[in-house]
Amino acid sequence: MLTEGISTERVHGQCVARGRLREIVASKSPMYRGGKIIGLVGSFEDVTEEYGQRKRAERLQEMINNVPTGISIYRKEKGEFRCIAANQYLLNFYQNTHAEISGRSFMDIFPSMEPEDRDRFLKDRERFLREKTALDGSYRVRRKDESRAYWIRILGNYAETPEETMIYVTHTDVTDLKLAEKNAAQNREMYADAVNAARLIVWHYVIPEHRVLILASAESAAAAERYGLPLLNENVPEFYRQFLDENNYDKVAALYQAADRGEASGCDIRLVSKNDNIHYAHLGFSTFEYDDDGKPVSAFGVGFSISGQKRQEELYRRELERLNEQSGSEIIAKGQYDLSGNRVVSYIANTPKALSYSSRSRYDAVIHQMSMLAVNPEDGEKLMHMLSRKSLIEQYENGEQTFEMKYTRRNGNEIVPVETIARTFALEENKIECFIVTYDRTRKQLERQIITNLPQLGYEYLGIVDTASEKILYYTDGTSFVESTAEKPITYQGLLQRTLSFSGSEEDTAGTLRDLALPGILARLAQSGACEYTFRCLSGEQTDAAAYKRIQFCRLSDDSRMIFMAQSDVTRQMQHDEEQMEALQKALNAAERANESKSMFLAGVSHDMRTPLNGIIGFTDFALRAEDPEKKQDYLEKIRLSSALLLGIINDTLELSRIESGKVSLEPEIVKSSDLIDSILTGIRINAAAKKEAFTAGNSVDFPKYLRLDKLKTEEICLNLLSNAVKYTQEGGRVEFYASYHPEAADGRTLQFTVEDNGIGMSDEFQKKMFEPFSQEHAPEAGRVVGTGLGLSIVRRYVDLMNGTIEVRSRKGKGTRIVVSIPAQEVTYAERQKTVVPERPADLRGKRILLCEDNYLNTEIAVTLLKEKKIEAVTAENGQKGLALFMASKPGYFDAVLMDLRMPVMDGYEAARKIRALPRPDAQKIPIIAMTADAYEEDIRRCLEAGMNAHIAKPFDPRTFYEVLAEETGKEQ
């Protein structure tokens, strides 16, 4: 090769130098002169260290490639970290080549990361670069062309030296770990759900330290709270001694002693909760953890409630006891049955009318017989379905154990209300039993009816209080019986607080609670057999109305600790009492006012009556002494005027008294308007003309021809107003009367009368009391006007009785205007025709009248009036003699009977009834006319009810006397 001129460079080789093997690199080249090789130049380079580093790097790379996790290294170049190395695991996992990953920026470490994780990774990476702390996080990434995501845990470390800054990152596939964690979480959730669903209490017992940790579950937490247990218990089982009685503690101590030995065991215990309720539970250990020497170091305990099972056992025991104990009269029959075996276990017929069958009978046949006793076939079908074996077994499996039905059934020849109750039990596997009892509900139904009717007597609830525990059983119409239970305890104090929840102020509530405290009630009951308490409260949450309640107490028996209580609402009674007291006070005040008014009334009547009486007495004396006929006639005329005034005072006084006592009522009738107006105006025109007053009267154009109203009272109203207008208007003055009809009046006051004058008027002060009895304004302008002071009082009361109004406008010295509005109805032609009675003139001459009158002066006046019309009078001084005279006469002998009412021996009412009852043809037809000073409307009504035809008031008005006689005797007999 040398002769050929070929050079060699850096050929690796080894040599021994100074006793050590060295790595060398040799190079050679030929030397030329004149184109010929004249020699050889060579060199040797010791590369032992270089080769050592290379081998170490190769071994490191080999080691990195063999690490079962991805590794990448980044170096900071020009302010940015770029990948300078990556192991084969990383390249294989991400499916990259060295060329693809070499030089990749640290900022683009995961180009295919899940969007949900990218934001979190960017924040973690930013914090890592900023704070130069460790990077640790798990993120989901995807490999090339794969839809599956992998969980990658990234651990990054920041390494900084004066020469360079590096980042070392490991990439670990934790997908399986995440899946395992997810499965573990689901398992834990399933375990928790299973524990909660099974209502298990779970705890961890650390055996060497005798420590118990109650694990998290809904039932465990509830149990710890229920019994007042902390979640961490030290010094177990001694710690539990404070929560258990001696017997149950011994069971728990034995359970833990077995656990200390690693032995699985269990026990049933009785527990008392913080609110004194009794529960039963089963506790046990079955899972243990052991150390390397095989000694138990911990155990997991499980507990669950067996209260339901214990309750079932207790109910079953009670049912057996009831089955075997002596039966009350209300039990018709009872039995125990094996539903699974379709057989009768035992049966007791408590009455001769119960079903008769033996213990060898089949259950199905017995139930069929029972259903046939139901009166209503539908009830029989329902009973058959309720008690069928299939139904009872299915219902038991669904958690239903008690069934009841009320119906009527035949007991021999009787039909009685009954109730059948069935309860199912399954204390043995594959064996469901049933207890059936049928009760006679006759007495219970009666008791129920009594109790349910108590609220109608005002009782809101009835209760029985156990004075030892203060628990209460009570009944209300809305809730029926409510009993205190372990789950819902009801105490006497609690019921009171609910009752007093609307009692008003807190002070009132506290006072009532103190008064009704049980010790105080018991003390009062010790003194007497019963006591009661009444208190005030509000009638509801949303109202301020007051209500009053009364609670009554009594002992059920002398030696009983039970007391009976009943609450009733006495609001109406209290309100009635208050109203009575208020009414009594008002009545007392009214009586005092009435007494005062009576005194004033009597004083006014006495004063006003003395004036005409003085005239009558004085002019009578003058007439008796006078010899001049003209003077005597003048005195008699003045006596007649004074008598008329006195009669007016008496009539007005009596009428006002009747109005005040409520004995006056409206008597509407069909009235011809022209007759009504004429009857009002005839006398007024004469009086106005006598005083030379200008009197005008008129009515509206559309004034109805006929009206329905109370004619007499309407006349009285208008006459009183017009009479006052004429009296209190000076000579030559003006008086106006106007009547109008307003059918469109909304208040129904269709008829309106207006009376206006320019007389002396009234002062404002007098107008305030012008309608009071005997009120008169004694003004000088009135001169010698004589009046009773009762007319306006009667007017006002008549207007009020008619539901009318009266408006007054008056000025002193200017005159007065009064407007009266009252209801009236226009009468149609058809209605008018029904009431038209043709008038027939009557001739009284030759008539024969039976006059029954006990007062000889009245008899003389009546006989004189009759004789003036050529009428024959036959007199009797009482009703009995009048009856005898009528009976002794021939039928048709008398044309009429004038009957006084108040007579000795037999009054006019009885005499009239006896005449009408006589068996003769004229007894029912003869007119009987009452002639009496009893002139009230009720007196007239009573006369008509006694069989009389008409009524004439004393003192007699001759014109009225003759008119009534003519009308009654002129009717067709």
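How many helices and strands does the secondary structure of the chain come to? In this predicted model, where local features need pLDDT of at least 70, side-chain atom pairs count only at pLDDT 80 or more, and totals for chains, interfaces and linings use all residues, the answer is 27 helices and 38 strands, helices being DSSP runs (H or I) of at least four residues and strands runs (E) of at least two, numbered from the N terminus. Residues are numbered from 1 along each chain as its sequence is written, and side-chain values use heavy atoms, with hydrogens and water left out.

**View 1. The whole chain.** Of the 973 residues in the chain, 38% are buried, that is, under 20% relative accessible area with a 1.4 Å probe, counting protein chains only.

**View 2. Helices α19 and α21.** Helix α19 (residues 711-727) packs with helix α21 (residues 791-801) at an angle of about 145°, and their axes lie 9 Å apart; the axes are lines fitted to C-alpha atoms over the stretch in contact, and angles run from 0 to 180 degrees between N-to-C directions. The contact (heavy atoms within 4.5 Å) is made by residues including I717 and L721 of α19 and V795 and Y798 of α21. Eight of the contact residues are nonpolar, three polar and two charged, where Ala, Val, Leu, Ile, Met, Phe, Trp, Tyr, Cys and Pro count as nonpolar, Asp, Glu, Lys and Arg as charged, and the others, Gly among them, as polar.

**View 3. Helix α14 and its cover.** In helix α14 (residues 506-515), the buried residues are T509, G511, T512 and L513. Their cover includes α13 (492-499) and β23 (530-538).

Technical notes. Buried < 20%, exposed > 50% of the residue type's maximum accessible area, 1.4 Å probe, protein only.
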